[in-house]
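Thanks for making time this morning. I would like to walk you through one structure, and I will keep to what can be read from the coordinates.

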Amino acid sequence: MKNFFILLSVLGISIPLWSEKLEAASVDKSVIRVNTTMQSYNLIQPWEKGASSTRIGLGAVLPEGKVLVTAQMVTDATYIELEKPDTAAKATAKVITVDYEANLALLEPINDNDFLSDRLPFELDTKLSPKDKVEAWQFEANGTPVTTQITVSKGEVRQSFIDTARFLQIQANGPVKYRSGSFTLPVAKNKKLAGLLISYSSKDQISNILPASIIEHFLKDTEDGKYTGFPNLGIMYSQTLDEQFRNYLKLDQEDGGVFVSKVIEGASAAAANIKSGDVILSINGKGIDSRGNYNDPVWGKLSFSHLVRGKAFTGDPMKIKILREGQKKEIDLKLIRRPAEDYLIDPYMFDRGPKFSIIGGLVFQELSVPFLKLFGNDWKSRAPIKMLMAHASPEMYEKEGRRKLVILTRTIPTPVTLGYERLSTLIVTKINDVPINDIQDVDKAASMPANGQHRIEFESYPKLIFLDAVLAERVNVALEKRIGITKRLK
Amino acid sequence: MKSPFFSFIITICACALAAAQDNNEKDSAHQANNSSRYEAVVRIENSSLNPDYRNPWNTGRDSGGNGTGWLVSENKFLTNAHVVSNSRIIYIKKVGDAKPYRARIVHIAHDCDLAMLELEDPSAFKGVTPFEIGKLPQLDTTVKVIGYPIGGERISITSGVVSRVDFLSYSHTSVDLHLTIQIDAAINPGNSGGPVIQNGKVVGVAFQGYSGNIAQNTGYMIPTPVIRRFLKDVEDGNYDHYVDLSMSDFPLINPAQRKALGLANDGIGIMVAAAEEDGSAGGILQTGDVLLAIDGRSVKSNGLINYEGEDVNMNEIVERKFAGDVIELKIWRQNKSIDAKVTLKRFLPYLIAAKKYDEKPRYVMFSGLVFQPLDRNLMAAHGIKSLQIRYHFDSYVSADIYKDRPEIIVLTSILPDSINSYFSNFTHSIVDEVNGVKVKTLKDVHNALAKDKGDYIVISLLGNGRPIVIERAKVEAAQKRIQEKYNVINDHYLGD
């Protein structure tokens, strides 16, 4: 009797477990079409948006009615639609979490919780390794599943969507044909999600895959409902291959090490008092070679930045061994993240309008990298030198207390701006004697003209101009009628 | 007056014209007869040696060109500075005389593109009457341009009308602005330095034109006020250059701007945007001041003054002065009128942006690293794109960089050797310190490197936390090896 009871109880536990066990994912039930309409703001006329465009990609269905896509798929989206490949049923979706740097976004249907209930959610497989055969999953336009096998070749820390954000990416070889204009493709290994294919070169037949390990990191971060983002060390470094330099630093032959050439304020390294001139020898016991790589058990030599960005979370402790003035030292560091919006010059700007404020036709904006990129593909040589310099060395301005760099982007010819029509791309220092440290300061200062005039000071020529405050107010009212809004401060 | 702006104007010296020359002997007698009234107009042939800023230890590249000149007084010929720049040998040829006569430079003024030459043996021009210098010609009057432009060896004459009097950039240095007269006579390479004649007198020196794809029929000549100033400046045997107020101004058109500065809406006064502290007006003018009058002449809100019945740029007053001269300024500051006297002088920091001539490039070559002071020639020769350097070049004056670093020393190139094999990423950087000594001039680099102290030489670079480190013990052998390998005869040249 007793034995029987035990047997029953075992069965009693195991049966529900069995029924909860996920059915393996399949192309037509686990991959979903994502159609987005996107429209970004016009940075030259920040009160308006540019032309809209559409993008079609594929998302991976995840448990709890979520869909994973690349951030690229949904940036500046005005309308997102999920479409089932088999039935062509559609639902409107929204972005729950997006990380532009990691290039990942999580979507869910709006007002239709059951929309995805007939789908088979993916499980993640984070154990990719070289020579693995994986499949890119997609459909023909008519909904017929198409799978293409590709072979994993190597892992590398590379930039994906944002210039400055580098993450582990996996390369796979083999021809992949894009069907129905797909932009992002789920990649499966044994019917589990191994990553998202984010780019493919038809010339070399090489696919770049954002691996499941990064996706897992992203999803874990979303679990508590508050997304923090990937931590950053906040240093610039150089290699230590040069023998003379190694001798000078008193670096041991067997140690590798990277030389810290700059420490960025507000990030992890600065908080842990790591200094320019230190040599980082190891992180959490993993030695860093003189090129800046550590030995990854799966991918071999990988940039040590993966130890920070790919493996650890914001708030995690980290043991860093450094060499400072010839002495080895262990530093306990707590990883923090300096958010993109804390930078003097916004590295990217999505899903929001650029901040601006107009006074009588003078258009003030916060300088951002997207603004610099308006100067064309060769913006790094064509954009105004002072602004490029501020981008390269923000500490020049940050130490003056500036949170943002406010510039006069252009001048709309109005009766108030007579004689100033040609002024543009000037760094603003003060308005009505108020130091301008962000766009809110412009708005604040605009309410305090002295003797009926606004006094505006620039860093460079012509240094000083005045506007008639009463007339400017009237022009602003007229402009508002014409262009809708004359400021956006948030 | 200096301008930081790039000019599209091209100088018109026929450089390195190697075209086959048509020597038709049969016609020469006839030609001499016909052209004898032009015998004060000469052809100038210049063999030049253009400095090699990429390999500054080399002597340079041989080149040459020809232009025109004219007799201004006994054995004194005037031409453009750009005709005889970087000169090694100069020959003057007379109308109808095949013999070249060796000439030398007496004075050369790059800032106004004029030069004075003389013959080693003046006898060939005995009895030739020099030209007289006339006045500023009126608009819409006819002038003749005489010279030796491309298309042949013999004298050529074109004519046109005076189209415009303006204050423009002289492209020879590209930073100097002076009075200029635009004419619609054809001015071509080789015309440079030639006289522009009206009523038998010289009223200008042909010197530059727009290239054909930008504008048509726009030739420029240096007018007589500039020529006279040059002749007066060299009277004491030295050329002392133009002087400068060293300030930037902003037109006072906006009514609010005028009101805020306490000015009536009468179209008088121009705002001072900035005055260079080390310049003539430094400590006298400040941002937000209004210049009401200069030497008693009202300054209009667009920066023009009335001078000899014409509206001319207010700098015309300064243009005709010499170093040490004093001008009077009427300044409006905080609703009060102030009279100030300004002693005029040159402002050398502007020259960083000027094209330079007749200068041997300075450098220090150490362990294969080549250090050179930053200027326009260097930027052009090395095709420098580094943001850090472009910023220092661009803001040298406006951000007062010149005060902190009179010379910006650039690591321009590296002669590869085992001692510097990991240094290639450091080219086109600015040297901040050498062994802890802040670098302000090329001499500083040379002296700091020469000091024999410590095991390492540490060269820190601006904007890069990673210094260049060289083991001192390896230096001597490397220096010898590199000099031999790359044929660097002298490892430095610091100037005279």
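This is a predicted model: local features need pLDDT of at least 70, side-chain atom pairs count only at pLDDT 80 or more; totals for chains, interfaces and linings use all residues.

Chain A has 490 residues, of which 43% are buried, and its secondary structure comes to 13 helices and 28 strands. Its C-alpha trace spans about 100 × 65 × 55 Å along the principal axes. If we take the contacts in chain A between residues at least 6 apart in sequence, 61% of them join residues at least 24 apart.

Turning to the contact between the two chains, we find 33 residues from chain A and 29 residues from chain B taking part. On the chain A side, the elements that give two or more residues are helices H5 (243–249) and H10 (385–392), together with strands S14 (258–263), S26 (453–458) and S27 (464–468). The largest share, five residues, comes from S27(A). By residue type, this side of chain A divides into 17 nonpolar, 11 polar and five charged residues.

Now to chain B, which is divided into domain 1 (1–242 + 350–360), domain 2 (247–343) and domain 3 (362–493). The centres of domain 1 and domain 3 of chain B, taken over C-alpha atoms, are separated by 38 Å, and the contact between these two domains takes 11 residues from domain 1 and 17 residues from domain 3. On the domain 1 side of that contact in chain B, the residues divide into seven nonpolar and four charged, with no polar residues.

Notes: Residues are numbered from 1 along each chain as its sequence is written. Chains are lettered from A and ligands numbered from 1 in the order in which they are written. Two residues are in contact if their C-beta atoms, placed from the backbone, lie within 7 Å. Helices (H or I, at least four residues) and strands (E, at least two) are DSSP runs, numbered from the N terminus. Ala, Val, Leu, Ile, Met, Phe, Trp, Tyr, Cys and Pro count as nonpolar, Asp, Glu, Lys and Arg as charged, and the others, Gly among them, as polar. A residue is buried if 20 or more other C-beta atoms lie within 10 Å of its own, exposed if 12 or fewer, and partly exposed in between; C-beta atoms are placed from the backbone. Domain bounds come from an automatic or database domain assignment.
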